[in-house]
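Good morning, and thank you for making time for this item.

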Amino acid sequence: MLRSILRSRAGFTLIEIVVVLAIIGLLASISIPRFIDLDKQSGRQVLLSAISELNGRETLTWSKVKISRTGWVDDAGVFAEIDTDLGANFKWTPRASIVGGNLHFKDQLLRLAREPSSVSQAGRWRVR
């Protein structure tokens, strides 16, 4: 009886294999563009997070200058103290300046403007 069951079993037919391959191809054609788009969106989010990081550094530096012996003198003094190096994956072109700059992450670019600090508030980085 076991022999007759094993002999009656057939493998996959060519049509079944072709249908499965067609379904896999369809799923791949839908998911690959979505994955590429997701990568671009994540790069943009990283740049927006970098702006938050710059604003945090700006506020911290401004606070340190305010409580120092000399206190706040001018915006140039505050900007000179800010660390704008965000890591190896980020690049400034030409470089971060007191008025802003172009911040790159992979193939993404954001043009940033910097509002100057004053006696009463820290400077702010924002998208132009």
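Which side chain meets that of Arg126 in a salt bridge? The partner of Arg126 is Glu115, at 2.9 Å from N to O. By salt bridge I mean a side-chain nitrogen of Lys or Arg within 4 Å of a carboxyl oxygen of Asp or Glu. This pair links distant parts of the chain, since Arg126 belongs to strand β4 (residues 124–127) and Glu115 to strand β3, 11 residues apart. Arg126 is partly exposed at 38% relative accessible area, and Glu115 is likewise partly exposed at 35%. On these terms, buried means under 20% relative accessible area, exposed means over 50%, and partly exposed lies in between, with a 1.4 Å probe and protein chains only. Helices (H or I, at least four residues) and strands (E, at least two) are DSSP runs, numbered from the N terminus.

A word on provenance. The model is predicted, so local features need pLDDT of at least 70 and side-chain atom pairs count only at pLDDT 80 or more, while totals for chains, interfaces and linings use all residues. Residues are numbered from 1 along each chain as its sequence is written, and side-chain values use heavy atoms, with hydrogens and water left out.

Let me continue with the charged pairs. The salt-bridge rule gives a count of five. One of them joins Glu58 and Arg114, at 2.7 Å from N to O. Glu58 lies in helix α2 and Arg114 in strand β3, so this contact ties together parts that are 56 residues apart in sequence. Are these two residues buried or exposed? Glu58 is buried at 0% relative accessibility, and Arg114 is buried at 6%.

Together with Asp83, Glu53 and Arg57 form a network of salt bridges.

I turn now to the strands, where two count as paired if DSSP finds at least two bridges between them. Strand β2 (residues 100–105) pairs in the antiparallel sense with β1 (residues 90–97) over five bridges. A hairpin through two residues joins β1 to β2, and Trp92 stands opposite Leu103. On to β3 (residues 108–115): β2 pairs with β3, again antiparallel, over six bridges. Here His104 stands opposite Leu109. The hairpin of β2 and β3 has two residues between the strands, and Lys106 in that hairpin takes a positive phi near 55°.

In a regular strand, side chains alternate between the two faces of the sheet. How many residues of β2 are buried? Six of its six are. Gly100, Asn102 and His104 are buried on one side, and Gly101, Leu103 and Phe105 on the other.

Finally, the core. A nonpolar core is a set of buried Ala, Val, Leu, Ile, Met, Phe, Trp, Tyr and Cys residues joined through side-chain atoms within 4.5 Å. The largest has 19 residues, of which Phe90, Trp92, Leu103, Leu112 and Trp125 touch the most other members. Elements giving two or more residues to this core are α2, α3 (75–81), β1, β2 and β3. Helix α2 supplies the largest share, six residues.
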